[in-house]
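Thank you for making time for this one.

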Amino acid sequence: MGRISLLLADFVLSFMWVCSGVLVRVIVFQHLGFGHSPLGEVIKTTFSVANMFFFAFLVKITRGGAYNPLTVLADSISGNFNYFLYCVGARIPAQVVGSIVGVKFLIDTIPEVGQGPRLNVDIHQGALTEGLLTFAIVTISLGLATKIRENFFMKTWISSLSKLTLHILGSDLTGGCMNPASVMGWAYARGDHITKEHFFVYWLAPIEATILAVWTFKLLVQPAKEDNTASKRKSD
């Protein structure tokens, strides 16, 4: 896919991703009438997993479109410098703009959607929480891409459950977002997108955690793969 087409895909997917999470809650809690009961939470989880499968399919058919800056960043770290600049200077801004437009669309069409994720702890605990959640999901994603690259269903299933579990663990503290673009959309709508808390918790900590996860994965996994390859050559 050309670079312009990829930017358009990032914008559209980011717009759709912000809207989808809200629409799932509206459908389950309001239109289906389950409320916040245990059954309602189970139905919401089912819808959320189906939603992640849908977006995984969209990523596949767009040949690399993304709605999360951390996914793009993790991929660009392993590429050449020109690709890194393209991702940081064009793809991530496209995702941020898509999220901002998506939140604006939601607020204009469904005023009762709320205010999005908020920081409910101090800045240090919040940064640590988002950092640990991001480190975990990036490591899991890299492992899935390495071990079961060709199995779309299994890879998406494990990734979806992992994201939902980590989201639940961090939801009461930071919102359990692990997606700076989505948080930026809501923060921009509230007018607190240039605060120290937003920058440190939802941008700096996840970015540092992503870089650390990629480096750690390369350090631990690649040497093991090289050792296995060497062992096979010796046995042959």
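How many aromatic pairs does a search of the whole structure find? What we have here is a predicted model, and in it the search of the whole structure finds ten aromatic pairs. I will take two of these in detail, bearing in mind that a pair of aromatic rings is described by the distance of the centres and the angle of the planes.

Take F153 and W157, whose rings are stacked, with 6.4 Å from centre to centre and 5° between the planes. Both residues belong to helix α6, which covers residues 152–170, and they are four residues apart, or about one turn of the helix. W157, by contrast, has a relative accessible area of 36% and is partly exposed.

The pair formed by F199 and F200 has another geometry, namely edge-to-face, with the centres 5.5 Å apart and the planes at 80° to each other. F199 is partly exposed at a relative accessible area of 44%, and F200, with 35% relative accessibility, counts as partly exposed too.

Beyond the pairs, I would point you to one aromatic cluster, which is formed by W17, F54, F55 and Y67. A ring also takes part in an arrangement with a charge, since the charged end of R3 sits over the ring of Y86, at 4.3 Å from the centre of that ring.

Let me move on to the helices. At what angle do helix α4 and helix α7 pack? Helix α4, residues 81–109, and helix α7, residues 180–190, pack at an angle of about 50°, and their axes are 8 Å apart. The two helices are therefore oblique to each other, and their crossing is right-handed. On the α4 side, the contact is made by Q95, V96, S99, I100, V103, L106 and I107, while α7 contributes A181, S182, M184, G185, W186, Y188 and A189.

S99, which has its place in helix α4, counts as buried, with a relative accessibility of 0%. If we leave aside its neighbours within four places in sequence, S99 is in contact with A181, S182 and G185, and also with S14, F15 and V18. Q95 is likewise found in helix α4, and Q95 is buried as well, with a relative accessible area of 0%. Not counting residues up to four places away in sequence, Q95 touches D10, S14, A66, Y67, N68, P69, V72 and A181.

How are α5 and α6 oriented to each other? The axes of helix α5, residues 123–147, and helix α6 come within 10 Å and cross at roughly 175°, and the two helices are therefore roughly antiparallel. The contact is made by T129, L133, A136, I137, I140, L144 and A145 of α5, together with K155, I158, S159, S162, K163, L166 and G170 of α6.

R63 is found in the loop between α2, residues 38–61, and α3, residues 69–77, and R63 has a positive phi of about 55° although it is not a glycine. Its C-alpha atom is separated by 8.2 Å from that of L6, a residue 57 residues away along the chain. M178 has its place in the loop between α6 and α7, and its phi is near 55°, again a positive value in a residue other than glycine.

Which of the words buried or exposed applies to R63, and which to M178? R63 counts as exposed, with 67% relative accessibility, whereas M178 counts as buried because its relative accessibility is 7%, and buried means under 20%.

Methods. Residues are numbered from 1 along each chain as its sequence is written. This is a predicted model: local features need pLDDT of at least 70, side-chain atom pairs count only at pLDDT 80 or more; totals for chains, interfaces and linings use all residues. Side-chain values use heavy atoms; hydrogens and water are left out. Rings of Phe, Tyr and Trp (its six-membered ring) pair if their centres lie within 6.5 Å; planes under 30 degrees apart count as stacked, over 60 as edge-to-face and the rest as tilted. Buried means under 20% relative accessible area, exposed over 50%, partly exposed in between (1.4 Å probe, protein chains only). A charge sits over a ring if NZ of Lys or CZ of Arg is within 6 Å of the ring centre and within 35 degrees of the ring normal. Axes are lines fitted to C-alpha atoms, for helices over the stretch in contact, and angles run from 0 to 180 degrees between N-to-C directions. Angles under 35 degrees count as roughly parallel, over 145 as roughly antiparallel, 65 to 115 as roughly perpendicular and the rest as oblique. A crossing is left-handed if the near helix is turned anticlockwise from the far one by less than a right angle, and right-handed if clockwise. Contact means heavy atoms within 4.5 Å.
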